[in-house]
Each structure stands twice: as structure tokens, then as C-alpha cells.
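User: Please examine the helix packing and the nonpolar cores of the structure shown below.

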Amino acid sequence: MPGRKGRSIQPSDLDGLMALARERCQELAPRDCLALVGSGAMIVDCRDEGAIAAGDGGGVIQGSVPISLGWLPMAAGSRESRDERLADKQRVVITTCADGRQAVLGAALMTQLGFANVRAMAGGIAAWVSAGLDVQITGVMGSLGRPPPR
């Protein structure tokens with residue numbers, strides 16, 4: 001696929017990696033994600049602990065499960081370190097992050113690991129907030145052992 005200045009995008013480029021990830025996952029608008037959550041979908045927040053604590057993206061979606069993109073391969077794929085909340089590979093899972101980029105990578109990774117119903121939230125938590133949907137800080141912050149930002 002042609003890239004900037006006529007060069008070919010290689011999967012080793014960030015642009016190429018993102019394009020490949022987008023081909024392997026479905027992105028949904030925040031309100032569509034909310035509807036799926038109402039039907040039992042789980043939201044996985046792919047931001048790292050520092051980004052969550054800093055409030056990157058505008059907050060935390062109530063009930064979301066914080067599993068950073070760096071830890072996701074172990075939490076979703078390894079029998080020894082699997083997060084039990086990810087045990088059901090048929091459950092609808094929606095990945096999110098601050099702006100949607102890590103969400104796309106996380107969704108593609110989970111799909112590669114055999115999860116059948118993974119979606120990425122287009123625009124991440126920033127788009128969720130822009131859509132007028134609620135976020136909170138205190139629920140997940142407490143589980144991370146950090147006070148909510150003021």
C-alpha cells in the first residue's frame with residue numbers, strides 16, 4: 001500500500017502497523033459501544049497505569065477493566081498469567097484508550113489471540129466524553145492503589 005511520499009508502508013512502520021491493525025478489527029462509535037455494554041460486553045482500557053492516573057483521554061469508563069497494551073498479550077494469551085476476566089474468548093470485548101490508537105492495536109492483538117468478538121472504540125475515551133457519555137476517576141483509581149487526581 002502506498003504511503004507518504006510514494007513509499008510503501010511496511011508493517012514495521014507505525015503507519016503500517018496501524019493500517020494492518022485496522023484491517024483486523026472493527027471500530028465502533030462510543031454510543032454503539034455503550035449499547036453493547038448494556039448487552040454484557042466488557043470494556044478493556046488499554047492505557048497504562050500512569051495514563052489512567054493522569055486522566056489521559058478524560059477519565060475512566062465505569063466498569064472498564066484496566067489492562068495495559070503492554071500486559072495484554074500475557075493477560076489474554078498466556079495460561080500461566082491469564083486474567084480470568086478474559087477467560088471467555090466468545091464474550092464481546094471492546095478495547096479503548098485515550099484516543100483510539102492503542103484500542104485498535106489491542107483489538108487486533110486479541111483477535112490474533114483467538115478472541116472472536118473484539119471491537120475497538122473509535123476515538124477512545126476522548127470520543128466517549130465528546131459524545132456526552134459519563135466517565136469517572138475514583139472506581140479504577142482505587143483498584144490501582146492511587147488517589148484520584150484533583
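User: At what angle do the axes of helix H1 and helix H5 cross, and how is H1 classed relative to H5?

Analyst: In this predicted model, helix H1 spans residues 14-23 and helix H5 spans residues 101-112. Their axes come within 8 Å and cross at roughly 60°. Angles of 65 to 115 degrees would count as roughly perpendicular and those under 35 as roughly parallel, so H1 is oblique to H5.

User: Is the crossing of H1 and H5 left-handed or right-handed?

Analyst: The two axes cross at roughly 60°. H1 passes H5 in a crossing that is left-handed.

User: How many residues of the contact of H1 with H5 are nonpolar, polar and charged?

Analyst: H1 contributes Leu17, Met18, Ala21 and Arg22. H5 contributes Arg101, Val104, Leu105 and Ala108. Arg counts as charged, whereas Ala, Val, Leu and Met count as nonpolar. The division is therefore two charged, no polar and six nonpolar.

User: Which element gives the largest share of the largest nonpolar core?

Analyst: This core has 22 residues, and Val44, Ile67, Leu72, Leu86 and Met110 have the most contacts inside it. Two or more residues come from each of H1, strand S2 (42-45), helix H4 (72-77), H5 and strand S5 (118-121). The largest share is five residues, given by H5.

User: Which residues does Val44 touch, leaving aside those up to four places away in sequence?

Analyst: Val44 is one of the residues with the most contacts inside the largest nonpolar core. With residues up to four places away in sequence not counted, Val44 touches Val65, Ile67, Leu72, Leu86, Val93, Ile94, Thr95 and Thr96.

Key:
Residues are numbered from 1 along each chain as its sequence is written. This is a predicted model: local features need pLDDT of at least 70, side-chain atom pairs count only at pLDDT 80 or more; totals for chains, interfaces and linings use all residues. Side-chain values use heavy atoms; hydrogens and water are left out. Axes are lines fitted to C-alpha atoms, for helices over the stretch in contact, and angles run from 0 to 180 degrees between N-to-C directions. Helices (H or I, at least four residues) and strands (E, at least two) are DSSP runs, numbered from the N terminus. Angles under 35 degrees count as roughly parallel, over 145 as roughly antiparallel, 65 to 115 as roughly perpendicular and the rest as oblique. A crossing is left-handed if the near helix is turned anticlockwise from the far one by less than a right angle, and right-handed if clockwise. Contact means heavy atoms within 4.5 Å. A nonpolar core is a set of buried Ala, Val, Leu, Ile, Met, Phe, Trp, Tyr and Cys residues joined through side-chain atoms within 4.5 Å. Buried means under 20% relative accessible area, exposed over 50%, partly exposed in between (1.4 Å probe, protein chains only).
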